[in-house]
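My notes follow in the order I worked.

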Amino acid sequence: MTAADRLTVFKTYKLYVGGQFPRSESGRVYEVSDSKGRWLANAPQSSRKDARDAVVAARKAFGGWSGATAYNRGQILYRVAEMLEGRRDQFAREVADAEGLSKSKAAAVVDAAVDRWVWYAGWTDKIGQVVGGANPVAGPYFNLSTAEPTGVVAVLAPQESSFLGLVSVIAPVIATGCTAVVVASAEAPLPALALGEVLAVSDLPGGVVNFLSGRTAEIAAPLASHQDVNAIDLTGADPALAKELEIAAADNLKRVLRPQPVDAAADWTAAPGTRRMTAVLETKTVWHPTGALGTGGSSY
């Protein structure tokens with residue numbers, strides 16, 4: 001058989017939930033096209049049930065991931081960068097198709113995404129010192145503040161087909177010890193679904209990151225009102241949807257990370273700073289008496 005006679009093996013894209021690759025429980029798919037309208041693949045169209053399953057997986061993984069040492073989390077994030085670097089050519093093709101970029105520009109985006117993973121890997125054991133510490137108080141007390149992960153975070157990835165933007169909203173969440181349910185870009189979900197394959201072989205425990213694809217509004221609505229979701233990042237929501245989701249999130253006092261001008265401008269190459277990490281951290285303050293008789297303490 002000659003090369004001309006060989007049938008092309010098309011890639012089957014699946015969700016990434018709990019470390020596994022299920023199809024949507026609804027059985028639905030939708031067509032994904034490139035910037036010129038050419039068919040690329042069929043992507044799973046997630047349902048509300050898929051969103052609930054992803055939250056269950058994220059909650060199950062939270063205890064182990066948040067309890068891991070910050071140094072260990074940094075090692076694993078660096079491992080993600082290693083694995084992505086090893087698949088650089090594959091992701092350059094994925095990004096070129098999804099974002100309508102030339103091969104060289106797509107490769108530059110992948111390189112920047114790898115560097116972004118490394119950047120956040122270096123922050124895992126430093127963010128606690130930046131946002132925590134000893135507080136001056138007027139009294140015979142030690143007053144210490146420490147940062148703790150808030151829990152399960154729903155993340156609406158950027159809709160403008162930015163692979164660097166996708167990495168930039170996921171990495172800070174898991175760097176802090178939180179777990180994530182990520183709703184991929186509706187029009188360009190394939191790089192996100194392919195990233196799930198990298199995470200699966202990079203020592204990241206199953207359930208720490210979960211990827212869903214489909215209609216953003218349909219998937220985000222049950223996540224915003226879910227009582228076991230502790231925070232939501234609205235980066236990928238348009239203004240009308242963001243308002244609806246913020247109202248739904250208020251039902252159980254979720255932390256809400258609102259879109260910023262830098263997000264709207266899609267300037268993901270800018271230095272990210274610590275905003276996305278501090279947005280998903282809670283501060284625990286402990287008071288402890290000083291002196292010979294100080295044997296107890298309290299916290300709030």
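This is a predicted model: local features need pLDDT of at least 70, side-chain atom pairs count only at pLDDT 80 or more; totals for chains, interfaces and linings use all residues.

**Strands and sheet**

Strand β5 (residues 152-156) and strand β6 (residues 179-183) run parallel and are joined by 5 bridges.

I found an open sheet of 5 strands with parallel pairing, in the order β7-β6-β5-β8-β9. Which strands stand at the edges? I noted β7 (209-212) and β9 there; each has a single partner strand, so one side of each is left without a neighbour in the sheet. I also looked up the angle between neighbouring strands of this sheet: on average they are turned by 15 degrees against each other, direction ignored.

**Salt bridges**

How many salt bridges are there? I noted a count of 15, using a cut-off of 4 Å between a side-chain nitrogen of Lys or Arg and a carboxyl oxygen of Asp or Glu. I followed up some of them.

I took K11 and E197, which form a salt bridge with their closest N and O atoms 2.6 Å apart. K11 lies in the segment before β1 (29-33) and E197 in helix α7 (residues 190-200), so this pair ties together parts that are 186 residues apart in sequence.

I then found E197 in a salt bridge with R87, at 3.7 Å from N to O. R87 lies in the loop between α2 (70-86) and α3 (88-99) and E197 in helix α7, so the pair ties together parts that are 110 residues apart in sequence. R87 is partly exposed, with a relative accessible area of 25%.

My next entry was E246 and R258, whose side chains meet in a salt bridge at 2.5 Å, N to O. This pair links distant parts of the chain, 12 residues apart: E246 is in helix α9 (residues 239-249), and R258 is in the loop between β9 (255-257) and α10 (261-264). I recorded E246 as partly exposed at 27% relative accessibility, and R258 as partly exposed at 44%.

Last, I looked for shared partners. Salt bridges that share partners join K11, R87 and E197 into one network.

Note on methods. Residues are numbered from 1 along each chain as its sequence is written. Side-chain values use heavy atoms; hydrogens and water are left out. Helices (H or I, at least four residues) and strands (E, at least two) are DSSP runs, numbered from the N terminus. Buried means under 20% relative accessible area, exposed over 50%, partly exposed in between (1.4 Å probe, protein chains only). Two strands pair if DSSP finds at least two bridges between them. Axes are lines fitted to C-alpha atoms, for helices over the stretch in contact, and angles run from 0 to 180 degrees between N-to-C directions.
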